[in-house]
Amino acid sequence: MSNKSRRGSTRVSPLQRVTVGLISGMGVFALLVVLAVGAGLWAYAGPGPSARSGERTTVDLRKGASLQEVASSLKRAGVIRSSSVFATAAQITGASRRLQAGEYEFASRLPMSKVLAEIRDGKTVSHKITVAEGLTSEMVVDILAREPLLTGVAPTPPEGTILPETYQFQRGEDRAKVLSRMVDAQDKLLAVLWEHRQPGLPVLSPEQAVTLASIVEKETGKADERPKVAAVFINRLRLGMKLQSDPTVIYAVSRGRPLGRGLRVSELANPSPYNTYQNAGLPPGPIANPGREALAAVLDPPQSADLFFVADGTGGHVFAATLEEHDRNVGRWRAVEAERAKAAKGGK
């Protein structure tokens with residue numbers, strides 16, 4: 001047989017061509033799969049999109065939202081590039097069963113893996129609301145009512161049952177729930193302070209301690225003076241002296257709302273049980289919500305012989321153990337008041 005004939009017999013059969021085509025197609029498919037997986041991994045682990053405005057993006061994920069809804073919300077907000085990759089990753093990692101609703105803030109270009117982790121761990125945005133010492137319960141409820149990020153209505157609790165502090169809350173949280181945390185915090189603190197109270201105090205119950213602490217709170221805004229004021233009132237209670245506290249009279253007149261003026265003689269003569277100029281001992285209940293320092297001062301007051309105090313003209317008070325010394329201090333304060341009145345008149 002000639003060489004030419006042998007060369008003619010090496011032609012590729014149809015079956016071989018199909019096989020080669022399949023192999024080539026599988027190679028292309030495998031390459032596409034590898035590229036798709038690589039793109040998915042990059043979308044999951046690589047840097048996320050830049051925030052559309054500022055350095056962070058806020059997203060509110062509603063309670064009961066499905067995985068697809070969560071993924072779509074994140075995609076629409078520009079937090080992730082692919083909702084399908086997010087949903088797939090959530091299912092593969094098991095995070096889809098643990099996604100938590102709430103308000104989230106995501107940093108610009110945060111990787112999808114970290115976005116998923118934050119939602120899985122419930123790292124929601126915490127807002128803050130502050131209750132200052134010495135506010136009445138009605139005032140605290142007013143503060144809660146004015147906070148637009150809260151929902152629902154909070155009832156007014158009994159006077160003196162709230163612990164003034166800064167509290168965290170989440171967008172959409174119920175006002176009554178936030179208020180309940182404030183009351184629980186006061187209960188816990190008071191239980192500890194009462195257990196470790198100084199022996200022999202003339203306050204016979206935690207409720208009486210809160211009442212006296214509320215008067216101390218309203219008498220001075222200076223933290224270092226609260227123990228001194230508490231000691232004065234403790235000494236007066238032991239001796240059966242009237243407390244003679246202006247804030248108790250103001251509470252009788254306005255339920256603790258600022259008067260914007262001095263007390264009138266008729267108000268000082270008001271027979272209300274809250275008027276400690278007319279009645280010996282403690283009033284029937286707190287006149288405000290005292291803070292930690294006032295409560296601690298009442299239940300562990302310093303040893304002192306002081307029975308009087310009066311303003312010193314600098315925002316604080318001067319203390320005295322005798323009436324004679326107190327009268328001199330009052331004289332100095334009246335001189336300060338006279339000078340201020342003269343200066344005010346001259347400035348008009």
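Me: What makes a residue count as touching Ile129?
Reply: Contact means heavy atoms within 4.5 Å. Not counting residues up to four places away in sequence, Ile129 touches Ile143, Leu144, Glu147, Glu165, Thr166, Tyr167, Phe169, Val178 and Met182. The model is predicted, with local features needing pLDDT of at least 70 and side-chain atom pairs pLDDT 80 or more, while totals for chains, interfaces and linings use all residues. Residues are numbered from 1 along each chain as its sequence is written, and side-chain values use heavy atoms, leaving out hydrogens and water.

Me: Why is Ser254 called buried?
Reply: Buried means under 20% relative accessible area (1.4 Å probe, protein chains only). Ser254 has 18% relative accessibility, so Ser254 counts as buried. In the protein chain, buried residues make up 39% of the 348 residues.

Me: What makes the pair Ser254 and Arg257 a polar contact?
Reply: A polar contact is a pair of N or O atoms within 3.5 Å; within protein, one must be able to donate a hydrogen and the other to accept it, and residues adjacent in sequence count only if both atoms are side-chain atoms. A polar side-chain atom of Ser254 lies 2.5 Å from the backbone oxygen of Arg257.

Me: Which residues have the most contacts inside the largest nonpolar core?
Reply: A nonpolar core is a set of buried Ala, Val, Leu, Ile, Met, Phe, Trp, Tyr and Cys residues joined through side-chain atoms within 4.5 Å. The largest has 45 residues, and Ile129, Leu144, Met182, Leu212 and Phe233 have the most contacts inside it. A second, separate core of 21 residues includes Leu67, Val70, Ile80 and Met112.

Note on methods: Buried < 20%, exposed > 50% of the residue type's maximum accessible area, 1.4 Å probe, protein only.
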